[in-house]
Amino acid sequence: MSSPEISGILENSKELDRLRKEQEEVLVEINKMHKKLQGTPEMVEKPGDNSLSRLKSLYTHAKELSETEVSISTILLNQLDALLPSGPPGQPRRRIEGNDQKRKRMKNDSDISRISTSMRSQLEACSNLKGEQVAARVRLDEADKDEWFVVKVLHFDKETREFEVLDEEPGDDDEGGGQRKYKLPMSRIIPFPKKNDLSNVQDFPTGSQVLAVYPGTTALYKATVVNGHRKRKTDEYLLEFDDDEENGALPQRTVPFQKVVALPEEPRQ
C-alpha cells in the first residue's frame with residue numbers, strides 16, 4: 001500500500017466533506033426560499049422579483065453538487081477496492097461467493113450513505129410518483145427531435161435513477177398502435193402539480209412561457225400565459241400555444257392548472 005494511493009484517498013475524502021458542507025448550505029437557502037414563497041406567493045408577480053430565478057439557480061447548483069459527489073464517491077470506492085486484498089487461494093467457492101455478496105451489500109450501503117440529503121429527498125419523491133401521470137420527454141423512432149407527452153409511471157429504480165413509464169395513448173403515427181413502455185432518466189421527467197396539494201403549485205404570471213398539455217390530447221407544447229392573474233390556484237390558465245395559428249392569429253385556449261409546468265431548458269447538444 002503506497003503513500004500516493006493513501007494520499008489520493010485522503011484528498012478525495014476531504015473534497016467529499018467539502019461538497020457535503022456546501023450542499024447543506026445550499027439546502028438551507030432552498031428551504032428559506034420555500035418558506036418565503038409559501039408565506040407570500042403573490043411576490044413572484046411583482047415587477048423585478050427574481051425569487052423563481054433564484055430558486056432555479058439554487059436547485060441547479062444543488063444538482064451539480066450532487067452529481068459531483070456521486071462521481072467522487074465512485075472514484076473513492078474504486079480506490080478502496082483496488083487496495084482491498086483478495087481472498088487466499090484454495091478457499092471454497094461457496095465461501096468466496098458469500099463474501100462477494102456481503103461486500104456487494106456493504107458497497108451498496110456505502111453508496112446510499114454517501115448520497116446527499118437533498119438527493120435522498122429527490123429520489124424518494126421520484127419513488128412516490130409510481131402510478132402517477134407525469135410529463136416525459138421522449139425521442140420516438142426515427143424522429144429528429146424530442147417530444148413531450150403524458151405517461152404513467154410504472155417504476156422508479158433508485159440505483160440506476162431511471163423511470164419505467166407507459167404511454168397509455170400512443171399517437172396515430174405510432175406503428176402497432178399499442179401502449180409503449182420507455183425507460184427514461186430523471187432529467188426527462190416532470191411531475192404535474194397535484195389537485196389535492198396546492199402548497200407547491202407554482203403560479204405563472206402573464207407573459208410566462210410554459211409547457212402545457214394541448215386540449216384534447218396527451219401531448220405537451222410550449223405556450224405563453226395570456227392571463228396569469230387567477231383568483232384561485234385551482235383556476236385554469238388561458239394560454240396561447242406556439243405554432244397554433246388559426247386564420248392568422250393564435251387562439252387562446254384554457255388549460256387546467258395541473259396540466260401546466262415550467263418550461264424546461266433545452267437539453268445540451
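Q: Is Leu129 buried or exposed?
A: In this predicted model, Leu129 has a relative accessible area of 10%. Because buried means under 20%, Leu129 counts as buried.

Q: Where is Leu129 placed?
A: Leu129 lies in the loop between α4 and β1 (133-138).

Q: What is Leu129 in contact with, leaving aside its neighbours within four places in sequence?
A: With those neighbours left aside, Leu129 contacts Val134, Val153, Phe163 and Pro191.

Q: And how many residues apart along the chain are Leu129 and Phe156?
A: They are 27 residues apart along the chain, and their C-alpha atoms are separated by 8.1 Å.

Q: Turning to helix α4, which of its residues are buried?
A: The buried residues of α4, which spans residues 117-127, are Met119, Leu123 and Cys126. Seen down the helix axis, these buried residues fall within an arc of 60 degrees, so they line one face of α4.

Q: What covers the buried residues of α4?
A: The covering elements include α2 (51-83), β2 (147-157) and β3 (162-167).

Q: New topic: how many residues has the largest nonpolar core?
A: It has 18 residues, and those with the most contacts inside it are Val138, Phe163, Val165, Tyr182, Leu184 and Ile189. At least two residues each come from α4, β1, β2, β3 and β4 (180-185). The largest share, 4 residues, is supplied by β2.

Q: What does Ile189 contact, leaving aside its neighbours within four places in sequence?
A: Beyond those neighbours, Ile189 is in contact with Val134, Ala135, Ala136, Phe163, Val165 and Leu184.

Q: Which residues does the second, separate core include?
A: That core of 15 residues includes Ile9, Leu19, Ile30 and Leu37.

Technical notes. Residues numbered from 1 in each chain as written. Predicted model: local features only at pLDDT ≥ 70, side-chain atom pairs only at ≥ 80, totals over all residues. Heavy atoms only, no water. Buried < 20%, exposed > 50% of the residue type's maximum accessible area, 1.4 Å probe, protein only. Arc of directions from axis to C-beta. Contact = heavy atoms within 4.5 Å. Core = buried A, V, L, I, M, F, W, Y, C linked by side-chain atoms within 4.5 Å.
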